[in-house]
Amino acid sequence: DARTRTLERCIDVAACCQELQNYNAVNEIISSFNSSAVHRLHKTWKGLSTAHMKKVAELFALMSNKNSF
């Protein structure tokens, strides 16, 4: 599916930004995943590979403000 490939590409770009320590870009990409238009794509999210889902979880954990002061 083209949507799934596009979402996987966005995840890969966010992972590359993390490697480059460009956390602002990572935050922007991860934030876009929570937008209502992207969040509602249930079939697209279910089509992601396990590796990409794991990477998304890691990126969300990285950008979480849970342990911030």
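Biologist: At roughly what angle do the axes of helix 1 and helix 5 cross?

Modeller: Two packed helices are described by the angle between their axes and the distance between the axes. In this predicted model, helix 1 (residues 2-19) and helix 5 (residues 50-63) have axes that come within 10 Å and cross at roughly 45 degrees. Axes are lines fitted to C-alpha atoms, for helices over the stretch in contact, with angles from 0 to 180 degrees between N-to-C directions. Helices (H or I, at least four residues) and strands (E, at least two) are DSSP runs, numbered from the N terminus.

Biologist: Which residues of helix 1 and helix 5 make the contact?

Modeller: Contact means heavy atoms within 4.5 Å. Helix 1 brings Glu8, Ile11, Asp12, Ala14, Ala15 and Gln18, and helix 5 brings His52, Lys55, Val56, Leu59 and Leu62.

Biologist: And how many elements does the protein have?

Modeller: There are five helices and zero strands, running α-α-α-α-α from the N terminus. The radius of gyration (over C-alpha atoms) is 12 Å, close to the 11 Å of the globule rule (2.2 Å times the number of residues to the power 0.38) for 69 residues, so the protein is as compact as a globular protein of that length.

Biologist: What share of the residues is buried?

Modeller: Buried means under 20% relative accessible area (1.4 Å probe, protein chains only). Here that is 26% of the 69 residues.

Terms used
Residues numbered from 1 in each chain as written. Predicted model: local features only at pLDDT ≥ 70, side-chain atom pairs only at ≥ 80, totals over all residues. Heavy atoms only, no water. Buried < 20%, exposed > 50% of the residue type's maximum accessible area, 1.4 Å probe, protein only.
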